[in-house]
Amino acid sequence: MTDPKPPWWLKPMNRVFMAVTRLGLVREGPLVLTVTGRRSGKSRSTPITPFEVDGQRYVVGGFPGADWVRNAQANPAAVLARGRIREQVRMTELSAEQARPLLRRFPDLVPTGVGFMKTAGLVTGPNPDEFEALAGRCSVFRFDSV
């Protein structure tokens, strides 16, 4: 099975969202993740929706092989930001086995992500079994403060 590609409108929409977030107009929900480009060495930013389980923060890569995922795999030092509040973090990619229980909880913890992943063709709805089956296909990262 070939991995789905992001819709054409995703990058322009992400740019708009990041601009609104930088202005401090978004107080809840997604954050802006900045990682170093694996080829360019330049900072690359994208909105993400982290979630918390047992006091740890995580994020799921919504598309297999997404650019930000590959960048984080190459250089796990990152910055999370909302408005002017910035936090240096280290991203640790989980094994498929470690990711399974988190992916299973994802539909309840990040309901907005369900629609996104459904549109991408990765799942048919908020079924925990379908999300768990994405382990090893969609990356899951833990954020550790530095």
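Hi everyone. The expected span of a helix is 1.5 Å times one less than its number of residues. Keep that in mind as we look at this predicted model.

Let's start with helix H3, residues 96-109. With 14 residues at 1.5 Å a residue, H3 should span 20 Å, and its end C-alpha atoms are 19 Å apart, which agrees. H3 does have a kink of about 25 degrees at Leu 103, shortly before the proline Pro 107.

Which residues of H3 are buried? They are Ala 99, Leu 102, Leu 103, Phe 106 and Pro 107. Their cover includes strands E3, E4 and E7, along with helices H4 and H5.

Now for the aromatic rings. The count comes to five aromatic pairs. One of them joins Trp 68 and Phe 141, a tilted pair at 5.9 Å centre to centre with 45 degrees between the planes. Trp 68 sits in helix H2 and Phe 141 in strand E7, so this pair ties together parts that are 73 residues apart in sequence. Both of these residues are buried.

Phe 131 belongs to helix H5, so here the parts tied together are 25 residues apart in sequence. Phe 106 is buried at a relative accessible area of 5%, and Phe 131 is buried at 0%.

Last stop: the loop between E3 and E4, where we find Asp 54. Is Asp 54 buried or exposed? Asp 54 is exposed, with a relative accessible area of 76%. Its phi is near 50 degrees, a positive value in a residue other than glycine. Most residues other than glycine have a negative phi.

How values were computed. Residues are numbered from 1 along each chain as its sequence is written. This is a predicted model: local features need pLDDT of at least 70, side-chain atom pairs count only at pLDDT 80 or more; totals for chains, interfaces and linings use all residues. Side-chain values use heavy atoms; hydrogens and water are left out. Helices (H or I, at least four residues) and strands (E, at least two) are DSSP runs, numbered from the N terminus. The bend at a residue is the angle between axes fitted to the seven residues ending there and the seven starting there. Buried means under 20% relative accessible area, exposed over 50%, partly exposed in between (1.4 Å probe, protein chains only). Contact means heavy atoms within 4.5 Å. Rings of Phe, Tyr and Trp (its six-membered ring) pair if their centres lie within 6.5 Å; planes under 30 degrees apart count as stacked, over 60 as edge-to-face and the rest as tilted.
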